[in-house]
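Have the sequence and the model open side by side.

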Amino acid sequence: MNAAVRAVVRVGLYTGSRVFFVYEGYQGLVDGGENIKEATWESVSMMLQLVRDRDRDRGTQGHGQGQGHGQGDTGTRTGTRTGGHWGICSWAGRGNGVLLTGPNEGRISPCSHPCYHPVLPQTRDGGSRLNIIIVAEGAIDKHGKPITPDDIKTLVVKRLGYDTRVTILGHVQRGGTPSAFDRILASRMGVEAVMALLEGTPDTPACVVSLSGNQAVRLPLMECVQVTKDVTTAMNEGRFEDALKLRGRWGRGTPCHLSVTLMGLRGASVTPGLPPTPLTPCFIPQVEEIGWNTVGNWTGLGGSKLGTKRTLPKKYFEEISANISKFGIHALVIIGGFEAFMGGLELVEGRARFEELCIPLCIIPATVSNNVPGSDFSIGADTALNTITNTCDLIKQSAAGTKRRVFIIETMGGFCGYLATMAGLAAGADAAYIFEEPFGSRDLQANVDHLIEKMKTTVKRGLVLRNERCNENYTTDFIYNLYSEEGKGVFDCRKNVLGHMQQGGSPTPFDRNFGTKMGAKAVAWVTGKIKECSRHGRIFANTADSACLLGMRKRSLTFQPIAELRQQTDFEHRIPREQWWLKLRPILKVLAKYNIELDTSETAHLEHLTRKVLVPEATL
């Protein structure tokens with residue numbers, strides 16, 4: 001919540017509004033007095049890494065003069081219906097579990113779910129010695145009877161004889177340092193909420209600010225409340241499939257539904273670059289067939305279990321074609337970074353000479369640099385971003401109790417400034433230097449002067465990020481020396497080059513889920529293409545749409561012919577010609593107190609929820 005409060009306060013002040021804190025939730029609005037205090041720029045400093053409201057633990061609301069911003073749990077959403085223009089409403093789940101648990105306010109029937117069939121003896125027979133069952137605290141069976149962790153333990157022990165342990169996570173799920181993803185999400189939503197308030201009229205309905213895919217959206221509050229009520233009604237009437245559909249995208253296509261049968265056909269996976277690899281059947285030119293249980297524990301492992309090489313395929317078409325023929329491979333899934341994209345283009349070009357290359361091909365972008373054209377996100381980038389953000393937190397914390405200090409930190413990414421920009425937004429940087437936004441000596445001096453003025457207030461820490469290839473002359477050492485010299489008497493400086501530690505660490509939940517979705521969708525797509533391109537017992541795929549890159553574009557995952565992406569690519573600098581995150585850089589500067597113009601031309605507009613007519617199961 002703190003990142004959202006910070007964004008609301010600072011963007012509100014930037015627009016010329018007066019912003020107030022309302023403590024103790026709605027009760028603070030009733031009682032008034034000391035529960036309502038005017039917010040200042042400095043009052044939200046150093047709060048991005050904090051878990052809960054640092055002043056009072058029962059809840060805080062930021063309230064703009066004449067309009068408001070609510071923050072709290074489920075009650076916030078229903079309680080705002082009689083108010084003016086209200087923005088973000090966030091709520092936390094509660095959960096119990098068997099072995100591990102996930103939060104879920106819903107009461108979803110699991111009885112027909114594949115995870116609850118005995119898919120356990122089979123995994124044990126395949127060599128697995130560990131199984132994990134996750135249970136929401138509100139889980140019920142199709143008759144409405146609660147399903148408890150002890151119920152499932154008893155069932156497993158009685159029927160299978162497996163040693164079983166129950167772990168209830170409880171409130172530990174609410175703890176921990178906020179992830180980079182959460183901080184950026186909260187900041188984006190906080191800015192969108194302020195824009196929604198300022199653009200509102202007396203006729204504008206109260207709205208909820210949300211993120212659909214990678215695009216901010218505004219939804220009518222009362223429509224959201226009605227859908228929530230519809231979920232409850234569907235559950236009470238035993239229409240569990242309808243309840244899942246009403247829940248949204250997460251209610252459809254869960255990982256347990258994503259197993260794909262290839263009908264005896266064979267696929268291969270290649271991993272150039274540096275991806276955490278969620279789906280890897282075999283490798284070319286070193287080919288090895290592997291089974292279901294072989295990749296059972298790969299999801300939580302960083303790096304690539306298959307190994308990676310930056311070698312491109314063009315010089316080895318004959319050997320690759322021979323292996324494709326030898327092993328009877330009918331499709332390729334290539335998982336990797338910019339080399340994966342370039343290799344895919346070369347394979348498509350090779351189709352004219354080698355018929356064996358005329359098979360469906362799908363590229364899954366996976367690189368910490370997030371520089372693959374055709375996708376807003378690459379697998380691995382969130383993990384690297386989280387590592388950078390956590391490291392920045394620790395570096396700033398190292399100066400606790402000392403005098404005013406500025407840290408100059410160098411990030412990876414090649415010519416792509418994604419990591420520096422987004423880490424700057426997540427960690428609260430004062431500046432982030434990148435290749436895509438040219439800068440000179442005057443810009444550097446202006447940044448130093450701005451930081452000096454900030455340091456004359458109550459601000460004691462400064463953070464400056466530099467992308468490793470932002471400028472060949474303005475190096476990390478140069479910037480460090482400049483800030484050190486100009487800041488004498490006001491602050492001192494330290495520098496850190498993060499290096500390859502940005503490529504390490506356990507994959508974040510976002511990357512694990514994103515990789516799982518991408519892998520499953522890729523296999524489903526190539527399976528369909530194999531059917532489509534099969535003629536008389538052989539496969540021949542040489543059309544542009546038979547070689548695609550699977551990427552996240554705004555709201556959805558889409559398959560794009562890689563030949564069409566060629567024109568969207570700056571091959572010299574290995575980056576897309578257009579990058580969506582550049583539009584977030586003004587937010588970074590506004591939150592750092594720069595007096596710049598904030599472009600609001602692409603702020604979200606109010607949308608209505610898509611209402612589907614749900615036919616009761618009994619009438620099907």
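Start with helix H7 (residues 221-236) and helix H8 (residues 240-247), which pack at an angle of about 165°, their axes 8 Å apart. Helices here are DSSP runs of H or I with at least four residues, strands are runs of E with at least two, and both are numbered from the N terminus. Axes are lines fitted to C-alpha atoms, for helices over the stretch in contact, and angles run from 0 to 180 degrees between N-to-C directions. This is a predicted model, in which local features need pLDDT of at least 70 and side-chain atom pairs count only at pLDDT 80 or more, while totals for chains, interfaces and linings use all residues. Residues are numbered from 1 along each chain as its sequence is written, and side-chain values use heavy atoms, with hydrogens and water left out.

The angle makes H7 roughly antiparallel to H8. The cut-offs are these: under 35 degrees is roughly parallel, over 145 roughly antiparallel, 65 to 115 roughly perpendicular, and the rest oblique. H7 passes H8 in a left-handed crossing. That term means the near helix is turned anticlockwise from the far one by less than a right angle; clockwise gives right-handed.

Which residues meet? H7 brings Val227, Asp230, Val231, Ala234 and Met235, and H8 brings Phe240, Asp242, Ala243, Leu246 and Arg247. Contact means heavy atoms within 4.5 Å. By class, the H7 contact with H8 has seven nonpolar, no polar and three charged residues. Nonpolar covers Ala, Val, Leu, Ile, Met, Phe, Trp, Tyr, Cys and Pro; charged covers Asp, Glu, Lys and Arg; the others, Gly among them, are polar.

Now turn to helix H11 (residues 381-397) and helix H12 (residues 418-427). Their axes come within 9 Å and cross at roughly 50°. That makes H11 oblique to H12. H11 passes H12 in a right-handed crossing. On the H11 side, the contact is made by Ala381, Ala384, Leu385, Ile388, Thr389, Cys392 and Lys396. H12 supplies Tyr418, Leu419, Met422, Ala423, Ala426 and Ala427. By class, the contact of H11 with H12 has 11 nonpolar, one polar and one charged residues.

Next, the charged pairs. Side chains of opposite charge can pair when their charged atoms come close. A salt bridge here is a side-chain nitrogen of Lys or Arg within 4 Å of a carboxyl oxygen of Asp or Glu. By this rule the count is 24 salt bridges.

Take Lys495 and Asp477, whose closest N and O atoms are 2.2 Å apart. This pair links distant parts of the chain: Lys495 sits in strand S14 (residues 492-497) and Asp477 in helix H14, 18 residues apart. Buried or exposed? Lys495 is partly exposed, at 39% relative accessibility, and Asp477 is partly exposed at 40%. Buried means under 20% relative accessible area, exposed over 50%, and partly exposed in between (1.4 Å probe, protein chains only).

Glu42 and Lys593 also form a salt bridge, at 3.6 Å from N to O. Arg165 pairs with Asp163 at 2.6 Å, and both of these residues are exposed. Glu192, Glu199 and Arg218 are linked in a network of salt bridges.

Finish at Glu486, in helix H14 (residues 476-486). Glu486 is partly exposed, with a relative accessible area of 36%. Leaving out residues up to four places away in sequence, Glu486 touches Gln445, Val448 and Ile452.
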